[in-house]
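Have a look at the sequence and the structure, then read on.

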Amino acid sequence: HGMYFAVGNGQSGATSDFDINLGQRPWVYGPPDGYQAATLAGCYERPTIIRPDKKYFKAVAYTGNGSSTDGNKIETPFEPDLVWIKRRSTTTSHMLYDSVRGFGVNKALIPNGTYEEGDTSGVSEAVHGFLDTVVGNGFTVKAGSSSGVYTNTNDSDYVAWCWKAGGNKGTWNVDGKDVSNYTNAGLNYGDTSVLNGCSINTKAGFSIVKWTQDSGGASKNIAHGLSKAPSFVVMKHINNTSNWYVVHTAIENVGKIMYLNTNSDQDTSSDFGGAWPGETYTATQTTGVNGRQVIMYSWINVKGVQWFGQFEGNGDSDGVYVPLGFKPAMLWIKRVDSDSSWRIWDNVRDWNNYNPRKEILYINDNYGSNTEAGNAIDFLEQGFKIRNGTADINNGGGKYSYMAWAETPAFNLYSSS
């Protein structure tokens, strides 16, 4: 990518000297009407967010201090609305918190399990640690009454993946403001009477929407508040056990879904209403139980910020290259056509922060980090490159979904903000 100029004198074997002005001196004449100067700035679409790592998504590695009183303040460049924590060194569940449901003890959802929010029989946060508060530029984790294994064991290594949605100034939050009601939040589509609250980042294309099932039947159309149909949606029951339901653009047929908490391939299910997510709402049919609460996380493809797509494996150690238009900060890969675990790479966990990156965590399991050579992937300026031919991420002819969030776009001609 870029701009290339070719010059020559038109004669074989002859040599010539050229004096070329590429902007080092002022131009004598402007471009003709209907044309613009030949610059890199004119070659690319300006990214929506120049530095997503400062404004939207950030992976943070931290070390626990064991405190259950003052806790452990973890700094981020923004106030996150979704925080996902995993202990790296040992078998411990993932812990996910968001601003729509609220932060604090017994507010975690467990991506590697089916537990309801605050299920102390499965994961006791008060005993073993939790995310306490999110304020300003970061969040505070605390150990529990017995240990801090989930979030804050002394000298243990953790990773936190943090997203900025629409803030939490009120019930209906869009781009950092409390907009008072669901209509102002852009949620005036579908079954509006069941909606409870939201946090929506229209610029970064990410929304969190909470709703409660009524007695009017299982089929519900839930508005997402984004500018186009989501490419990636994750849905989970809050006050009851359930799978984590996933729909993704890589799924081959309408009516197929995947489950974040299992390694199974795409499955036939009506949980998303047998339809793709639409421009204004996502069809759901996940529960007919009156009073059942559901949380829905939705993302759209945004250039320079995040991208969700698919690739086909080549089975070679010189693996597939996938262009993204940015250098990834975090990457997920899940095989679609065969059983295989969900895998996460990021830009903070490999000890030397160089390619190839081999340290992965499994979303659907509570295992500690895996650093085997078969995980090798390069994070490149405009995408990622697989460096092995293992079946889990690069089987010849295998179909794979990917989810990628940006560190920085591939180009930045405008500013550092």
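Does Val7 count as buried or exposed? At 53% relative accessibility, Val7 counts as exposed; the cut-offs are under 20% relative accessible area for buried, over 50% for exposed, and partly exposed in between, with a 1.4 Å probe and protein chains only.

## Before we dig in

This is a predicted model, so local features need pLDDT of at least 70 and side-chain atom pairs count only at pLDDT 80 or more, while totals for chains, interfaces and linings use all residues. Residues are numbered from 1 along each chain as its sequence is written, and side-chain values use heavy atoms, with hydrogens and water left out.

## The whole chain

Let's start with the big picture. The protein chain has 3 helices and 26 strands; these are DSSP runs numbered from the N terminus, with helices being H or I over at least four residues and strands being E over at least two. Of its 417 residues, 52% count as buried.

Contact here means heavy atoms within 4.5 Å. Take the contacts between residues at least 6 apart in sequence: 64% of them join residues at least 24 apart. The accessible surface comes to about 17,700 Å², and 44% of that belongs to carbon and sulfur atoms. Such areas come from the Shrake-Rupley method with a 1.4 Å probe, and for residues only the protein chains shown count as cover.

## Inside: the nonpolar cores

A nonpolar core is a set of buried Ala, Val, Leu, Ile, Met, Phe, Trp, Tyr and Cys residues joined through side-chain atoms within 4.5 Å. The largest one here has 64 residues, and Trp161, Trp163, Tyr297, Trp299, Trp332 and Trp405 touch the most other members. Strand β18 (residues 293–299) gives the most to this core, with 5 residues. There is also a second, separate core of 21 residues, including Val60, Ile85, Val123 and Leu131.

Leu82 lies in strand β3 (residues 82–87) and is buried, with a relative accessible area of 2%. Beyond its neighbours within four places in sequence, Leu82 is in contact with several residues, among them Trp161, Trp163, Tyr297 and Trp299. The C-alpha atoms of Leu82 and Gly167 are separated by 9.9 Å, although these residues sit 85 residues apart along the chain.

Ser199 belongs to strand β10 (residues 195–201). Why does Ser199 count as buried? Because its relative accessibility is 0%. A polar atom of the Ser199 side chain lies 2.9 Å from the backbone oxygen of Gly167. Not counting residues up to four places away in sequence, Ser199 touches Asp81, Phe206 and Ile208, among others.

## Salt bridges

A salt bridge is a side-chain nitrogen of Lys or Arg within 4 Å of a carboxyl oxygen of Asp or Glu, and this structure holds 16 of them. One joins Asp98 and Arg101 at 2.7 Å, N to O, and both of these residues are buried. Another links Asp132 with Lys142, with the closest N and O atoms 3.5 Å apart. Asp132 is in strand β5 (residues 130–134) and Lys142 in strand β6 (residues 138–142), so the pair ties together parts that are 10 residues apart in sequence.

Glu359 and Arg349 also pair up, at 3.8 Å from N to O. Glu359 counts as buried at 9% relative accessibility, and Arg349 does too at 2%. A network of salt bridges links Arg88, Asp346, Arg349 and Glu359.

Now for some backbone details. Asn355 and Pro356 are joined by a cis peptide bond, with omega about -5°, and Pro356 sits in the loop between β22 and β23. Asn106 is not a glycine, yet has a positive phi of about 65°; Asn106 is partly exposed, with a relative accessible area of 27%. Asp155 likewise has a positive phi of about 65° without being a glycine, and counts as exposed at 61% relative accessibility.

Finally, back to Val7, which is found in the segment before α1 (52–55). Together, Val7, Phe18 and Ile20 make a nonpolar surface patch of about 280 Å². Patches are made of residues with over 30% relative accessible area and no salt bridge, where like charges are joined within 9 Å and nonpolar side chains (Val, Leu, Ile, Met, Phe, Trp, Tyr) within 5 Å.

How values were computed: A polar contact is a pair of N or O atoms within 3.5 Å; within protein, one must be able to donate a hydrogen and the other to accept it, and residues adjacent in sequence count only if both atoms are side-chain atoms.
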